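Biologist: Hi, could you walk me through this structure? I have a few quick questions for you.

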Amino acid sequence: MGIYGEYGSYLSRIKDDVMNKLSVLNQRELDNNQTKLYEHLIGRIKAEDSMVEKCSRKGYELSSRSALYECKDAIGIRVVCNFIDDVYRSIELLRAADWCEIVKEKDYITRSKPNGYRSYHLILKVATPYPSVDLNDAGCYFVEVQLRTIAMDSWASLEHEMKYKHNIRNSKQIVKELKRCADQLASCDVQMQTIRQLIHEND
Amino acid sequence: MRILLAEDEKELSRVLVTAMHSKGYSVDPAYNGLEAVEKASQGVYDLMIFDVMMPVMTGIEALKKIRAAGDQTYIIMLTAMSEIDDRVTGLDAGADDYMTKPFSLKELLARLRSLERRSENYTNDVLKFGDIVLDSSEQRLESFNSISLSAKETKLLNLFILNADKKIDSDVLIAHAWENADDLDQDTLWIYISYLRQKLQSVNAHVEIQGEKGGPYQLVNTNGGNSNDSEVSL
């Protein structure tokens, strides 16, 4: 039995349920003649060995409680949007939703990480019909949601490639160019958002 | 700064070279107009100082040849006190400034410092206002975050920062940022102002461009209270 223990089998179902709820939010926007909330969703369950590594790194004991309650990203969902406004619209809808509670947020869009990373991270606490690791908090699971634009998502993929490829030549130069590229993509995102607002100025 | 000095009086030339060297400038002396033209065509200089009355080729002729070759280096002419025509001819032929002989070394060195300030601090370097930093050579705006700017956005913001708090008319902004201002209308300027506004907002700056469509526009420091932290724990 892995680090998720008896709870491991529920994680995938919870992930699908939350993704389903996000698509319901999207459909409701479309029904109200709004533009779509996001371009696509991706979900993943953190691999057991990555979770073991994370718990050890953080000094937590290797238990299901650490993996599901101390760490809050066993279930991860990425919401990839067309425009920056859509990211914030999605966040507001999640804030208003009755099936989840936002317990933590990090805005790396307003303040990017020094390397240029931009994204908006939320930790959601969701109520589920499944048994949960904390008996006082029946049915509770945590889900990490990362919201970003397509441009931010492409950048993160590129940065990911660099991070996991060791001994790159001119790595200092590459890091600098990645940062510059992040600033240029942010510029395009803001430019597209501005044009969009000018188009809809008189709506 | 690299300086080309053309002065035929050997003694005066030696004094000037020594004085400028002592302030850290690198100076190439030439002793007539022709030599100055030859040196200018080969070397890279930040400043040229030419005496007008020189053998072989006068300073004015040298100036004309250098300008005709497309060289835009800043040039100061040294003219005799009485010769107003020399100064007018020199300025009209493309000189940027003149000094009348006899001049004080102190004044010459002060002019060099002034020129250095203008080229280093006022044109392409880094400008700060409120909590924003504009790096014009990198075309980058920074505050709590950073973002790239287009060439025109950079020019506009540069002018705004140098004239912060002033109400600037659209015509002035258009003439500054667009080379061919004739076929440019208010709408285009408005789009660029909108880009800049959103970019200022996206780097979390406490600096705003105020003004309605059509202008005038004004860059102001809003400096409103504490800045937000990126991490909000509920």
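**A chat about strands, cores and loops**

Modeller: Happy to. Lys125(A) stands opposite Phe142(A) in β5(A). Helices (H or I, at least four residues) and strands (E, at least two) are DSSP runs, numbered from the N terminus.

Biologist: Before we go on, what should I know about the model and its numbering?

Modeller: This is a predicted model, where local features need pLDDT of at least 70 and side-chain atom pairs count only at pLDDT 80 or more, while totals for chains, interfaces and linings use all residues. Residues are numbered from 1 along each chain as its sequence is written, and chains are lettered from A and ligands numbered from 1 in the order in which they are written.

Biologist: Thanks! Which way does β4(A) pair with β5(A)?

Modeller: Strand β4 (residues 120-127) of chain A and β5(A) are antiparallel, with eight bridges. Two strands pair if DSSP finds at least two bridges between them.

Biologist: And how does β2(A) run relative to β5(A)?

Modeller: Strand β2 (residues 75-81) of chain A and β5(A) run parallel, joined by seven bridges. Gly76(A) is opposite Glu144(A) in β5(A).

Biologist: How many residues of β5(A) are buried?

Modeller: Eight of the 10 residues in β5 (residues 140-149) of chain A are buried, so this strand is largely enclosed by the rest of the structure. Buried means 20 or more other C-beta atoms within 10 Å of a residue's own, exposed means 12 or fewer, and partly exposed is in between, with C-beta atoms placed from the backbone. Over chain A, 26% of the 203 residues count as buried.

Biologist: What's the order of elements in chain A?

Modeller: Starting at the N terminus, α-β-α-α-β-α-β-β-β-α-α. That is six helices and five strands.

Biologist: Nice. Which residues have the most contacts inside the largest nonpolar core?

Modeller: They are Leu185(A), Leu141(B), Leu156(B), Leu157(B), Leu173(B), Tyr192(B) and Leu196(B), in a core of 29 residues. A nonpolar core is a set of buried Ala, Val, Leu, Ile, Met, Phe, Trp, Tyr and Cys residues joined through C-beta atoms within 7 Å. Its largest share, six residues, comes from α8(B).

Biologist: What does Leu156(B) touch?

Modeller: Leaving aside neighbours within four places in sequence, Leu156(B) is in contact with Leu173(B), Ala177(B), Tyr192(B) and Leu196(B).

Biologist: Where are the cis peptide bonds you've got for chain B?

Modeller: One joins Lys101(B) and Pro102(B), with omega about -5 degrees. Another joins Gly215(B) and Pro216(B), also with omega about -5 degrees. Pro102(B) is in the loop between β5 (97-101) and α5 (105-123) of chain B, and Pro216(B) is in the loop between β10 (207-210) and β11 (218-221) of chain B.

Biologist: Why point those out?

Modeller: Most peptide bonds are trans, and most residues other than glycine have a negative phi. On the phi side, Val56(B) has a positive value of about 65 degrees although it is not a glycine.

Biologist: Is Val56(B) in a loop or a helix, and where?

Modeller: Val56(B) is in the loop between β3 (47-51) and α3 (59-68) of chain B. Val56(B) is partly exposed, with 13 other C-beta atoms within 10 Å.

Definitions and conventions:
Two residues are in contact if their C-beta atoms, placed from the backbone, lie within 7 Å.
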